[in-house]
Amino acid sequence: MILTKILFLGLFVELSAAACTTKGQRRAWHTLTNTDKLAYINAELCLMKKPAKLGLPGAKTRFDDFQAVHQVQAYLTHYVGAFLPFHRALLSAHENALRTECGYTGWQPYVYWQEQRDTGNFKKSVVLDPTYGFGGDGSGGKCITNGPFANYTNSLGPGYSITSHCIDRQISEMFSGWTGQKDVDACLAKTTWLTAWPCIEDRPHGGGHSGVGGQMSNGVSSPGDPLFYLHHTWLDKMWWDWQAKDLTKRLKEMGGTNIMPDGKPAFPPRPNTIPKPTGAAGDPGTQTTMTHILNMYGNSPNVTIADVMDIGNDLLCYEYVEP
Ligand SMILES: *[C@@H]1O[C@H](CO)[C@@H](O)[C@H](O)[C@H]1NC(C)=O
Ligand SMILES: *[C@@H]1O[C@H](CO)[C@@H](O)[C@H](O)[C@H]1NC(C)=O
Ligand SMILES: [Cu+2]
């Protein structure tokens, strides 16, 4: 039992990360029963009804809180070494909120785009099912009109803006074609972190975001579409599958630029209110290191990159079930 006292939303709370004995089982969405799919969807709808509590600009609901944590530090967490570690921490916090705030008893599911039926064929994907899924494609850059999230008012985005809008999608089968097994295998075959992470961030990551399109294709505000969490969990699995190929070494393999290069596609220009980062807390240099602090803005405790290298540790305590 690890006990730490941290300053959390101005209060001292005791946080305990129990020893990891039974790992949470993250499963592929298409392998869940309909009952389990609805349990996940209903827990997400529950976060969408609970009031925001982080005080981040524009966020109205607990669901928005997670999007806000992503929005305010998009430049610190994409095209940098912290990209996969930050998203691993965000996904875990989201999973935790579903469980502790909304009574969900399962674990974060992941999409499995590389199925024959999904890659190059997102329109037919089982994740867009209007009853047991995330609703439709919005028929070309428009609001989704069916499914459980059709009427959600998104308060954040697009990009850095704070405006009320619907969840929109615009499926591109050109980009969905980037999520295939051959692209996954190409990344898993990389022999160093410095080549594996950019590979994952490029085609598999970009293919899921731009393949779904709309809000999902916005590098800053994409967690406004609940599909974000399933897509990024698939990428987290990819990182873990890569780590597991040479675990002892890869539990410690980190690096890469600490500062996002300007002019990346899908990234709206940074407003003047968000200065160009010069490094991160705990990691002031130009290269990402293990002591890098992932700022969760009080949504969950801050962690370091070292804390999220091993998904089976006491803090994370989950594993991936093969589909
Ligand atoms: C969304 O609103 C429409 C129109 O009011 C309604 O018919 C539909 O049932 C609503 N869908 C959900 C999931 O709440
Ligand atoms: C989390 O990290 C950020 C950046 O270092 C820091 O400003 C903030 O105070 C930390 N929050 C907590 C609760 O420790
Ligand atoms: Cu992101």
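This is a predicted model: local features need pLDDT of at least 70, side-chain atom pairs count only at pLDDT 80 or more; totals for chains, interfaces and linings use all residues.
Biologist: Which residues coordinate the copper ion (ligand 3)?
Modeller: Donors here are N, O and S atoms within 2.8 Å of the metal (3.2 Å for Na, K and Ca), and water is not among the atoms, so sites may look incomplete. Along the chain, the donors of this copper ion are spaced H-x7-H-x8-H. Each residue gives its NE2 atom, at 2.0 to 2.1 Å, and the three are His 70, His 78 and His 87.

Biologist: Is His 70 buried or exposed?
Modeller: We call a residue buried under 20% relative accessible area, exposed over 50% and partly exposed in between, using a 1.4 Å probe and protein chains only. His 78 falls in one class with His 70, and that class is buried.

Biologist: How are H2 and H4 oriented to each other?
Modeller: Helices (H or I, at least four residues) and strands (E, at least two) are DSSP runs, numbered from the N terminus. Axes are lines fitted to C-alpha atoms, for helices over the stretch in contact, with angles from 0 to 180 degrees between N-to-C directions. The axes of H2 (residues 62-72) and H4 (residues 83-102) come within 11 Å and cross at roughly 170°. Angles under 35 degrees count as roughly parallel, over 145 as roughly antiparallel, 65 to 115 as roughly perpendicular and the rest as oblique, so H2 and H4 are roughly antiparallel.

Biologist: Which residues of H2 meet H4?
Modeller: On the H4 side, the partners are Phe 86, His 87, Leu 90, Ala 93, His 94, Ala 97 and Glu 101. By class, this contact has six nonpolar, three polar and two charged residues; Ala, Val, Leu, Ile, Met, Phe, Trp, Tyr, Cys and Pro count as nonpolar, Asp, Glu, Lys and Arg as charged, and the others, Gly among them, as polar. From H2 come Arg 62, Phe 66, Val 69 and His 70.

Biologist: At what angle do H4 and H7 pack?
Modeller: Phe 83, Leu 84 and Pro 85 in H4 meet Trp 193, Trp 197, Ile 200, Glu 201 and His 205 in H7. That contact has six nonpolar, one polar and one charged residues. With their axes 10 Å apart, the helices pack at about 65°.

Biologist: What is the relative accessible area of Asp 225?
Modeller: Asp 225 is in the loop between H7 (193-212) and H8 (227-244). Leaving aside neighbours within four places in sequence, Asp 225 contacts Phe 63, Ile 167, Asp 168, Arg 169, Val 212, Gln 215 and Met 216. Asp 225 counts as buried because its relative accessible area is 0%.

Biologist: Where does the cis peptide bond fall?
Modeller: Look in the loop between S4 (142-143) and S5 (168-169), where Pro 158 is found. Omega is near -5°, and the cis bond runs from Gly 157 to Pro 158.

Biologist: How far apart in space are Ser 92 and Leu 316?
Modeller: Ser 92 sits in H4 and is buried, at 12% relative accessibility. Not counting residues up to four places away in sequence, Ser 92 touches Arg 26 and Leu 316. Ser 92 and Leu 316 are 224 residues apart in sequence, but C-alpha to C-alpha the distance is 6.8 Å.

Methods:
Residues are numbered from 1 along each chain as its sequence is written. Chains are lettered from A and ligands numbered from 1 in the order in which they are written. Side-chain values use heavy atoms; hydrogens and water are left out. Contact means heavy atoms within 4.5 Å.
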